[in-house]
Amino acid sequence: MSELELFLKVMPLYIVENLSSKELIEVALDIGRPAEIRYFDSVQRLTNIVTKEDIEHVLNNLPKFDRKNRTGIDGTLHRISVIEDKEGSIVGLTCRVGRDVCGAITLLYDIIASGKNILLVGAPGVGKTVSLRETARVLGDSKRVIVVDTSNEIAGEGMVPHVAIGNARRMQIPRGKRQYKIMIEAVENHTPEVIIIDEIGEEEEAFASRTISERGVQLVGTAHGKTLDNILFNPALSDLVGGISYVTLSDEEALKRITQKAIMERKGEPTFDVVVEIVERGHFIIHRNVKESVDLILQGKKPKTETRKPDGKAIKKRKKA
């Protein structure tokens, strides 16, 4: 049985009967509302109104949900997330189809293989997790790679990691433990050369990332934000890219710099050397020198970046303002 067939097996029958031949992205089920089948380029709203029995049908075919209200289907990359009411009852499901997509990092291979710490950012659904998955597989052919799999999105549900991560090893987040503890445990116990982390979103995880980096292990991860600016001005994540220090200059220094007295400066060394903004599938904006980019952003200037697209115009540079 294919992975898509395993996904459809847990869905209400009317979802299967109404599928088109388009690329299926996810199914949204909310009690009392029409079911939605979402494709890559469109949304199909059915006449079928979702019932409590429909939700229970799906739940009865799934493993338990984790602390982030997510689960999956064993042996696949599919992800199911719940919506709860104020009483904690499940009233909705977002059932997302996971796929092993080859070629996601083709345009980034030189950067991935450089050994530098790389942070991927972008809106939900642009392919951050897909890129991490292929990075694990590619680097795992020649290096000791460990995937810290926050919600089993990279390597799938179940005890055995999905074949999509190749030779890389996977560490899951057990109930009662936090991601940052598993990140540190991975370095202390399993001698990785590369650690791959999905969804850095808390201050403790940012601190653990710095600890890993200082031990000479390459980091490739994602964080909550669309752009480098979003990470820089997020208090919990700012240190990933060097952080912000608020400085008051003397009158003489402000005059010398031709600036106001109260300014922002980079606080320290970034944990990540390179930031890749994923705009959409196959469209990347790359900050090769995070220190330089952050310094320019804090000065109110545009940083120097590279734009890569699979259209023959592989690299286009945007100059400083």
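**Figure 1. A salt-bridge network joins E26, E36, R38, R45 and R96.** A salt bridge is a side-chain nitrogen of Lys or Arg within 4 Å of a carboxyl oxygen of Asp or Glu. By this rule the model holds 24 salt bridges. The structure is a predicted model, in which local features need pLDDT of at least 70 and side-chain atom pairs count only at pLDDT 80 or more, while totals for chains, interfaces and linings use all residues. Residues are numbered from 1 along each chain as its sequence is written, and side-chain values use heavy atoms, with hydrogens and water left out.

**Figure 2. The salt bridge between R96 and E26.** The closest N and O atoms of the two side chains are 3.0 Å apart. R96 belongs to strand β6 (residues 90-96) and E26 to strand β1, so that distant parts of the chain, 70 residues apart, are linked. Helices (H or I, at least four residues) and strands (E, at least two) are DSSP runs, numbered from the N terminus. E26 is buried, at 11% relative accessibility, whereas R96 is partly exposed, at 26%. Buried means under 20% relative accessible area, exposed over 50%, and partly exposed in between (1.4 Å probe, protein chains only).

**Figure 3. The salt bridge between D110 and R288.** The N to O distance is 3.2 Å. D110 sits in helix α4 (residues 109-112) and R288 in the loop between β15 (283-287) and α10 (290-298), so the pair ties together parts 178 residues apart in sequence. D110 is partly exposed, with 40% relative accessibility, and R288 is partly exposed, with 38%.

**Figure 4. The salt bridge between E269 and K291.** Here the N to O distance is 3.5 Å. E269 is in the loop between β13 (262-266) and β14 (274-280) and K291 is in helix α10, so this bridge ties together parts that are 22 residues apart in sequence. The relative accessibility of E269 is 48%, which counts as partly exposed. K291 is partly exposed as well, with a relative accessible area of 33%.

Figure 5. K116 is partly exposed, at 39% relative accessibility. Apart from neighbours within four places in sequence, K116 is in contact (heavy atoms within 4.5 Å) with Q218, L219, D273 and V274. K116 and D273 are 157 residues apart along the chain, and 6.1 Å separates their C-alpha atoms.

**Figure 6. The largest pocket and its lining.** On a 1 Å grid over the protein atoms alone, a pocket is an open set of points where a 1.4 Å probe fits, with protein on both sides within 12 Å along at least five of seven lines; lining residues have an atom within 4 Å of a point. The volume is about 970 Å³, taken as the space filled by probe spheres set on the points, which are joined across faces, edges and corners. The lining has 40 residues, and G125, V126, G127, K128 and V130 lie nearest the centre of the pocket. Elements that contribute two or more residues are β1 (24-30), α5 (128-139), β10 (194-200) and β11 (218-223). The most come from α5, which gives five. By class, the lining has 15 nonpolar, twelve polar and 13 charged residues. Ala, Val, Leu, Ile, Met, Phe, Trp, Tyr, Cys and Pro count as nonpolar, Asp, Glu, Lys and Arg as charged, and the others, Gly among them, as polar.

**Figure 7. The second largest pocket, with N152 among the residues closest to its centre.** This pocket holds about 380 Å³ of space. It is lined by 18 residues, of which D66, N152, E157, I173 and R175 are the closest to the centre. The lining has four nonpolar, six polar and eight charged residues. N152 is in the loop between β8 (145-149) and β9 (169-172). The phi of N152 is positive, near 60 degrees, in a residue other than glycine. N152 is buried, with a relative accessible area of 12%.

**Figure 8. T191, a residue with positive phi that is not a glycine.** The phi of T191 is about 40 degrees. T191 is found in the loop between α6 (179-190) and β10. At 52% relative accessibility, T191 counts as exposed.

**Figure 9. Residues 312-321, where pLDDT stays under 50.** pLDDT is the predictor's confidence in each residue, from 0 to 100. For residues 312-321 the model has 23 contacts beyond four places in sequence. The chain averages a pLDDT of 91, and 93% of the residues score at least 70.
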